[in-house]
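Student: I'd like a close look at one part of this model, please.

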Amino acid sequence: MKNKGILMADVIKSRKSEAQQLARDLKRITLHINHEFIYGTESPLTITLGDEFQGIYNHVEKAIEIIISIEEFIITNEMNIKLRYVAHQGEISTRINHKMAHGMLGKGLTHAREELNKMKKGKDRFKIIYEKPKRYNELFVLYQSFVDSWKEKDLKYVNAFIKHQDYKQVAEATDKTISQMWKREKSLHIREYGIIKSLILQND
């Protein structure tokens, strides 16, 4: 029996999405994550159903880091989807499949699946099952409040702030005035987003 970081996610309201575009988006997400997070990955992020995927990691903190990376990849590519996530440090009782996250069993996987299904009745998109879960989950409530407040028209600016951070550089990158981007930085709560992101990724 092995205690591993388990990440499960599904697409919210996937039936309203165009099937081929959704499939392309999920494939791009999984390819990106598996390329960027080779180290710490036990079983790569794998699409298990048409609108769900899962991966196994050496620790749940890696899964949490990947959640943030997925959210920012969605923003960067202006994808019109929202995901619901469970990250869990749990038991896997069978051999780890290092090629794809299929065919494994264990209490951790069962629990993560149950929690993901429960989340469909609520509005929260993030659930962390680990030491100090209250801290993580409260931070993710704040994280979600920022990410979900951004409209589709905002994403190119959020993406620019994630890449460049300084509003003067963002103004140059987006061909806008410095004053406009200073106001955008405030209205989009970019500084506050960065603080919440940093607090979530702290390993203390």
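Student: How many helices and strands does the secondary structure come to? Then zoom in: which residues of α2 and α8 make the contact?

Tutor: The protein has 8 helices and 5 strands (DSSP runs, H or I of at least four residues for helices and E of at least two for strands, numbered from the N terminus). This is a predicted model, where local features need pLDDT of at least 70 and side-chain atom pairs 80 or more, while totals for chains, interfaces and linings use all residues. Residues are numbered from 1 along each chain as its sequence is written, and side-chain values use heavy atoms, without hydrogens or water.

From the N terminus, the order is β-α-β-β-α-β-α-β-α-α-α-α-α. Your pair is α2, residues 60-76, and α8, residues 190-201. They pack at about 155°, with axes 9 Å apart (axes are lines fitted to C-alpha atoms over the stretch in contact, and angles run from 0 to 180 degrees between N-to-C directions). So α2 and α8 are roughly antiparallel, a label for angles over 145 degrees.

Who's touching whom? On α2, the contact uses Ile64, Glu65, Ile68 and Glu72; α8 brings Tyr193, Lys197, Ile200 and Leu201. Contact here means heavy atoms within 4.5 Å. By type, the residues of this α2 and α8 contact split into 5 nonpolar, 3 charged and no polar (nonpolar: Ala, Val, Leu, Ile, Met, Phe, Trp, Tyr, Cys, Pro; charged: Asp, Glu, Lys, Arg; polar: the others, Gly among them).

Stepping back, the C-alpha atoms of the protein fill a box of roughly 55 × 40 × 35 Å along the principal axes. Among contacts between residues at least 6 apart in sequence, 68% join residues at least 24 apart.

Methods
Angles under 35 degrees count as roughly parallel, over 145 as roughly antiparallel, 65 to 115 as roughly perpendicular and the rest as oblique.
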